[in-house]
Amino acid sequence: DARGEIVSGTYLGAPADTSLERRSRSRLGRLKREKRWCWWGVMDHEVAMGSAIIELGYVSQGFVWLFDRTTGQFLYDEEFTRNPGAASVSSAPLATEVASFACGKKERWRVARGARGSDVRSALEGRADALSWDIALEAPEEGAPSITGIFTGRERAHVNTTVKQVGLSARGTIAIGSRSFALTQDALGLMDYTHGLLQRETYWRWAIGAGVGEGGERIGFNVVSHFNDGLENVVWLDGKPHVLGEVEIAWDEEGALWRVTGAGTQLELVVEGTRRADKDLVVAASRYRQPIGQWRGEVAGVSIARAWGVAEEHMARW
């Protein structure tokens, strides 16, 4: 606002800068509470793939996975913890190089973004062991503009900015060992950039997906519960974003059922595979579940014909 204070809300587009020095002038305080990450996912008929670069201040992390949808098996699923500095996530969500991760001596991951008018394009490149990828994401003809959710807590040192872009067209190749996958014209991409001063213990349930409605509409959605006051809950219909309001995300791990309910929204994820990770790094710990699969039901009153995506439950002490 005019005083330079951060204002909670749901915004169209992405901010040029998310720096938090004015919100927390203590470098030690930011080291403990400032978190940044860039996550992306790509889904096609045969495979799904996702990756994140995470800068926690006192440690760097990165994960990448490749899932074979035809067999229901992960072809690759690894998480790497490195020293501070191995991961770099820019305070500019649309930076030329918004995120990078030094996985090994010759293994580096990169997320590059850039805007041409209202069109934001992303380049995803990297290698981890025998897995490599070179993927481009761009908005379809009807568009898929970014939305930004900004949440400010009661404490001054509690603020979070997240930028989501859903339903992007994906092109490129993924290779692992002797196998290679060329993404088809139906491949869709999802992007998540987050930067905040988070509480010591943080918990969320999240769901994201993209596809086609029964009337031929292009659909994308992003929803969260127990986090950010639902300010990132948005549905894209033929490229136009609309606020969804509050939702409840419920799950039964034993039955592998994930449901999203809200006004005009009844979604269920048909799970094809699930990533799980429980970590205790002494100074930090996390419990993580991320199922991958097909969404069915309706969102904002629009019935889904075909949609892919992920859900997530994450408890972090950082």
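Which residues of the largest nonpolar core touch the most other members? In this predicted model, where residues are numbered from 1 along each chain as its sequence is written, local features need pLDDT of at least 70, side-chain atom pairs count only at pLDDT 80 or more, and totals for chains, interfaces and linings use all residues. Side-chain values use heavy atoms, with hydrogens and water left out.

Trp133, Ile135 and Ile174 touch the most other members of this core, which has 39 residues. A nonpolar core is a set of buried Ala, Val, Leu, Ile, Met, Phe, Trp, Tyr and Cys residues joined through side-chain atoms within 4.5 Å; buried means under 20% relative accessible area, exposed over 50%, and partly exposed in between, with a 1.4 Å probe and protein chains only. Strand β12 supplies the largest share of the core, 5 residues; strands (E, at least two residues) and helices (H or I, at least four) are DSSP runs numbered from the N terminus. Leaving out residues up to four places away in sequence, Ile174 touches Val47, Met49, Leu66, Leu131, Ser132, Trp133, Ile135, Arg179, Ser180, Phe181 and Leu183, contact being defined as heavy atoms within 4.5 Å. A second, separate core has 32 residues, including Leu56, Val59, Trp206 and Ile208.

Ser100 is in strand β7 (residues 99-102) and counts as buried because its relative accessibility is 4%. Its side chain makes a polar contact of 3.1 Å with the side chain of Arg108. Such a contact is a pair of N or O atoms within 3.5 Å; within protein, one atom must be able to donate a hydrogen and the other to accept it, and residues adjacent in sequence count only if both atoms are side-chain atoms. Beyond its neighbours within four places in sequence, Ser100 is in contact with Ile53, Ala86, Ala87, Ser88, Arg108, Trp109 and Arg110.

Glu268, in strand β21 (residues 265-280), is buried because its relative accessibility is 16%. The side chain of Glu268 makes polar contacts with those of Arg259, at 3.3 Å, and Arg296, at 2.8 Å.

Gln61 belongs to strand β4 (residues 60-68) and is buried, with a relative accessible area of 11%. Its side chain makes a polar contact of 3.5 Å with the side chain of Thr81. Gln61 and Ala87 are 26 residues apart along the chain, with their C-alpha atoms separated by 6.7 Å.

The search of the whole structure finds 3 cavities of 30 Å³ or more. On a 1 Å grid over the protein atoms alone, a cavity is a set of points where a 1.4 Å probe fits but cannot get out, and lining residues have an atom within 4 Å of a point. Grid points are joined across faces, edges and corners, and a volume is the space filled by probe spheres set on the points. The largest cavity holds about 440 Å³ of space. Its lining comprises 31 residues, of which Ile54, Trp204, Tyr288, His314 and Trp318 lie nearest the centre. The second largest cavity has a volume of about 50 Å³, and β16 gives the largest share of its lining, 3 residues.

Notes. On a 1 Å grid over the protein atoms alone, a cavity is a set of points where a 1.4 Å probe fits but cannot get out, and a pocket is an open set with protein on both sides within 12 Å along at least five of seven lines; lining residues have an atom within 4 Å of a point.
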